[in-house]
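Here are a few notes to read with the model open beside you. Take them one at a time and find each residue as you go.

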Amino acid sequence: MKSIGGYIFPVLLIILGGIIFVIGLSSGQNMWVKLGSFLTLLTGVIALLLQLGILGRKAGMAIGIAFGLIAVFLAFRNYRSIAEVIEFNERKAAYDARIIQALKDIRDAQSKYKEANNAYTGNLAVLRDFVKNGTYPMVRKEGQVPDTLTELQALQMGIIVRDTIRASVLDSVFRTARALEKRVYPFNPDSLGFSPVSGKPFLLTAGMINSSGRNVPVMLCKDPSPMVAGDTLLFGSMEKATVAGNWKGD
């Protein structure tokens, strides 16, 4: 009669495989985890049958080799299923970063276009031309207001200067050190309005809504080719006066 110690390993395999299989089913683990745990359980059963003499040694070895090969395959597939999720998340993060940068560029350009024209444009070609050749009103400030005076008094006394000048959109918005510092990719005014990933033009609409009895400019800009259907990056709204983006942190 075989010692009890010979049965410990098969029983442990059966228990371990059974527990992992049940956990895999209840927690929604992927197919490879479920198959692997079931294979572990089955290996324990085969080992137990060998110990009991119900299964011959040659048959047991053949089954063991087959299970070993299947286990290696399942381990590889499980690794790939995890790696594929990580790789997808990395690609998605890189995709989102480029699209968000492009959307911010359009929004910045539209902000200055509105300052110059009291409205947004729904025409990307017009917006590109505005960025390359347009100007917007900017208040030039010189001097400091003394603590003992108001700004108006300092202005009347000639201590400070406040003057409205026309500033280049391209130079003052997109080519400053601050604007270039955190860009995801270099700015090219000729590419403004085109997706840096697909090359397709962004979906841009603009108009006016009535809010509290006055006309308010609004716009909506969307990614033309989202990486994941139903997960479209965008900013603005055609129903309310907002230019907020739908990405985290905006």
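1. Let's begin with aspartate 231, which is partly exposed at a relative accessible area of 36%. For these labels, buried means under 20% relative accessible area, exposed means over 50%, and partly exposed is in between (1.4 Å probe, protein chains only). Before going on, note that this is a predicted model, where local features need pLDDT of at least 70 and side-chain atom pairs count only at pLDDT 80 or more, while totals for chains, interfaces and linings use all residues. Residues are numbered from 1 along each chain as its sequence is written, and side-chain values use heavy atoms, with hydrogens and water left out.

2. Which residue does aspartate 231 pair with in a salt bridge? The partner is lysine 92, and their closest N and O atoms are 2.8 Å apart. A salt bridge here is a side-chain nitrogen of Lys or Arg within 4 Å of a carboxyl oxygen of Asp or Glu. Lysine 92 sits in helix H3 and aspartate 231 in the loop between strand S4 (214–222) and strand S5 (234–237), so this pair ties together parts 139 residues apart in sequence. Helices (H or I, at least four residues) and strands (E, at least two) are DSSP runs, numbered from the N terminus. Lysine 92 itself is buried, with a relative accessible area of 12%.

3. Now look at aspartate 250 and arginine 107, another salt bridge, with the closest N and O atoms 2.9 Å apart. This one also links distant parts of the chain: aspartate 250 is in the segment after S5 and arginine 107 is in helix H3, 143 residues apart. Aspartate 250 is partly exposed at 40% relative accessibility, whereas arginine 107 is buried at 14%.

4. Glutamate 84 is partly exposed, at 36% relative accessibility. Arg80, Glu84 and Glu87 are linked in a network of salt bridges, and the structure holds 10 salt bridges.

5. A polar atom of the serine 37 side chain lies 2.8 Å from the backbone oxygen of lysine 34. Leaving aside neighbours within four places in sequence, serine 37 is in contact (heavy atoms within 4.5 Å) with Gly17, Ile20 and Phe21.

How values were computed:
A polar contact is a pair of N or O atoms within 3.5 Å; within protein, one must be able to donate a hydrogen and the other to accept it, and residues adjacent in sequence count only if both atoms are side-chain atoms.
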